[in-house]
Amino acid sequence: MTLQEAFLDRTATDTLPPEVFMARVFITGSADGLGLAAARVLLGDGHDVVVHVRATPRLDAVRELLDRGAEAVVADLSDVEQTRDLAGRVNRLGRMDAVIHNAGVHTGRAVLPVNVVAPYLLTALVDTPRRLVYLSSSEHYHGRAELTGLDWTGRRPGSYPDSKLFVTTLAAAVARLRPDVTSNAVDPGWVPTKMGGPGAPDDLRLGHLTQEWLATGDDPDARSSGGYWHHRRRVRPHPAVRDRRFQDRLLETLAGVTGTRLAPAGEGSTVERPGP
């Protein structure tokens, strides 16, 4: 059986194939859906897991994980200052081997803050892990590569397709700027989570295995960078994702919004500067 077949054949309670390393993994948005499923599997495989929930009452949703040894952090990712504080708390827990940027919302005013600004800021401020995984969507193909006139602060509703185009572009930009890190985006498919709905046609199990594999797998594909993946198969993203000028404009925009610049590899610590 090939490694790919082993992944596709396993159930949510099976262990990963042996070609993995034991890792410390931070997963945003771990209270339900794909984040919770990934945390369960990674804990079962023996990895150290740090889960994240939006508010203290949501800790009840991850109680089983905490009882099994996971650590938890709390922050509302729609709030820039809470996200900034979250990065500091994660760093105080010790360096992560991998971060899965799983948290996301589909509609409403928090779309851009949670889906784009938060992963950007955490990428900039969390001590650089070896691997970064960003949750994208096939909806990113419908996104607009346009950065003007957007409300990044959440005062107005944002576009989900736009947000997924931006976060997929962020993953590609990080892969370019930080060649010592593996950075990839994942389309988990239309799966039956709270966001996807009970009628979603894709396999929930396959919706989180790619993230786990990219975070902990040790075969050459899992250690590659700059990919856009669907069920462990690399596919072509929206053309704007690999446009370096668009990548740079996005990073410049997010630096202005947050007052925090994403430092390239070898440049030292992230540079803080006043926002607009």
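Where is His 231 found? His 231 sits in the loop between strand E7 (228-230) and strand E8 (233-234). Those labels come from DSSP runs, numbered from the N terminus: helices are H or I with at least four residues, and strands are E with at least two.

Before going on, a word on the model: it is predicted, so local features need pLDDT of at least 70 and side-chain atom pairs count only at pLDDT 80 or more, while totals for chains, interfaces and linings use all residues. Residues are numbered from 1 along each chain as its sequence is written, and side-chain values use heavy atoms, with hydrogens and water left out.

Back to our loop. Most residues other than glycine have a negative phi. His 231, however, has a positive phi, near 50°. Arg 232 lies in the loop between E7 and E8 too, and its phi is positive at about 65°, although Arg 232 is not a glycine. Are these residues buried or exposed? Buried means under 20% relative accessible area, exposed means over 50%, and partly exposed is in between, using a 1.4 Å probe and protein chains only. His 231 has 12% relative accessibility, so it counts as buried. Arg 232 is buried as well, at 9%.

Now please look at strand E2 (residues 48-53). Five of its six residues are buried, so this strand is mostly covered. E2 pairs in the parallel sense with strand E1 (residues 24-27), over four bridges; two strands pair if DSSP finds at least two bridges between them. Across that pairing, Arg 24 stands opposite Asp 48 in E2. E2 also pairs with strand E3 (residues 71-74), again in the parallel sense and over four bridges, and there His 52 stands opposite Val 73 in E3.

Let's finish with two helices. Helix H6 (residues 160-177) and helix H8 (residues 244-258) pack at an angle of about 100°, with their axes 9 Å apart. The axes are lines fitted to C-alpha atoms over the stretch in contact, and angles run from 0 to 180 degrees between N-to-C directions. H6 and H8 are therefore roughly perpendicular, a term for angles of 65 to 115 degrees; under 35 is roughly parallel, over 145 roughly antiparallel, and the rest oblique.

Which residues meet here? Among them are Phe 166 and Leu 170 in H6, and Phe 246 and Leu 250 in H8. Contact means heavy atoms within 4.5 Å.
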